[in-house]
Amino acid sequence: MTYTAHNFVTHLECGLTGEHYPAGQVHQLSAAGRPLLVRYDLAAVREVLTRDILASRPATLWKWRELLPLADYDNRIELGEVATPILPLARTATRLGVERLWVKDEGRLPTGSFKARGLAMALSMAKEFGITRIAMPTNGNAGAAAAAYAAAAGIETVIFAPEETPEINIREIAALGARVYRVNGQIDDCGKLVAAGRETQGWFDLSTLKEPYRIEGKKTMGLELVEQMGWRVPDVIFYPTGGGTGLIGMWKAFAELEAIGLIGPERPRMIAVQAEGCAPIVRAFDSGERHAVRWDDPATVACGIRVPQAVGDFLILDAVRESGGFAIAVSDAAIEAAVDSVARDDGTLLCPEGGATLAAYEKALALGLVQPDEEALLFNCATGLKYPLADHSRTLDRHQPIDWSAI
Ligand SMILES: *Cc1c(COP(=O)(O)O)cnc(C)c1O
């Protein structure tokens, strides 16, 4: 199939003020210091993008090209962005007395996390704009995805990571050719270093939501899950929320799908899941605020959601509230128990952030916030293999007599 080099972007828009910005230019935050959202000529997309055409294309995020920002499709950087499977958690569901419990396993993507979706788009756009040097803060997975796509694009990369970032992430980032620094601070402290370097070194700042295109890549989770479910949405989506790109992106995806006539007005309730040791969005949700105050001394094993302050806080909170959803925090103990039980019961090794979504689902069920007959979709955002695993192994001395009955 040939693709005509035509894109449908009309402009960008400040997520807070609605102020318009022209497409085809390099952007970071809006003048109000808030995220920019890409807008498309959805009436025109509606004319060309049908369910049949989508079904005829390979199952990668690039099948959604009419709803993606590249002006020239040939600038895309592909590392094999597969459509990730939606798996039933059958035995977990039986244990909980529910019927329709699914997990979308994003650990199958390049670099083992869904950060690949956002960074595939951000780096493809950086390449299109001729950007040669980028920098970003990371809790691990974003830095690895950035390094991978930047390597493929020939873009120089500097990464700052909190010193408590999992070792495997730091090494992965370095192996992929980026310069990576361990910093004695949190991810927002690392973000300040990037901002300072942007001033003095002319780096392009690839921080979460500080450039407009990562969200467009993350949006494909929403597009993809609707197509996979047979052009339906689940009743509830549990999303582990750090910077919130994925939640904001999916909410945008559903609106775009409705505007192009591929779904109706039905929406899932969006549930923002955080850890008790870092829950700024939950606190803001509970107190009815539209912006979240920074969470001091954040601590959780789920480092992907150890984000004390999010520049898109209001976009997360708006989406959660509009959807009729809620924000909920879970303990590290509950996260670890969830990871453990899904691995043993259903054969899928969740990352801690993915475990947090199951822990939150169980808590919400117990509180009556979600009903057992509702269809629930959890997000596992990275492969569990990227995290330190508990050692439950035993040793065996093959030179000694073996007590077979004890094995
Ligand atoms: C980044 C990350 C998250 C949080 O994603 P956001 O869309 O930025 O909120 C959750 N889980 C994992 C594994 C991550 O790497």
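A charge sits over a ring if NZ of Lys or CZ of Arg is within 6 Å of the ring centre and within 35 degrees of the ring normal. In this predicted model, local features need pLDDT of at least 70 and side-chain atom pairs count only at pLDDT 80 or more, while totals for chains, interfaces and linings use all residues. Residues are numbered from 1 along each chain as its sequence is written, and side-chain values use heavy atoms, with hydrogens and water left out.

| Charged residue | Ring | Distance from ring centre |
|---|---|---|
| Lys218 | Phe114 | 3.9 Å |
| Arg76 | Tyr73 | 4.0 Å |

Phe114 also belongs to an aromatic cluster with Tyr239 and Phe379. Rings of Phe, Tyr and Trp (its six-membered ring) pair if their centres lie within 6.5 Å; planes under 30 degrees apart count as stacked, over 60 as edge-to-face and the rest as tilted. The whole structure holds nine aromatic pairs. Trp64 and Trp231 have ring centres 6.5 Å apart and planes at 70°, so this pair is edge-to-face. Trp64 has 1% relative accessibility and therefore counts as buried; so does Trp231, at 14%. Buried means under 20% relative accessible area, exposed over 50%, and partly exposed in between (1.4 Å probe, protein chains only). The pair of Phe129 and Tyr213 is tilted, at 6.4 Å centre to centre with 40° between the planes. Phe129, at 24% relative accessibility, counts as partly exposed, whereas Tyr213, at 5%, counts as buried.
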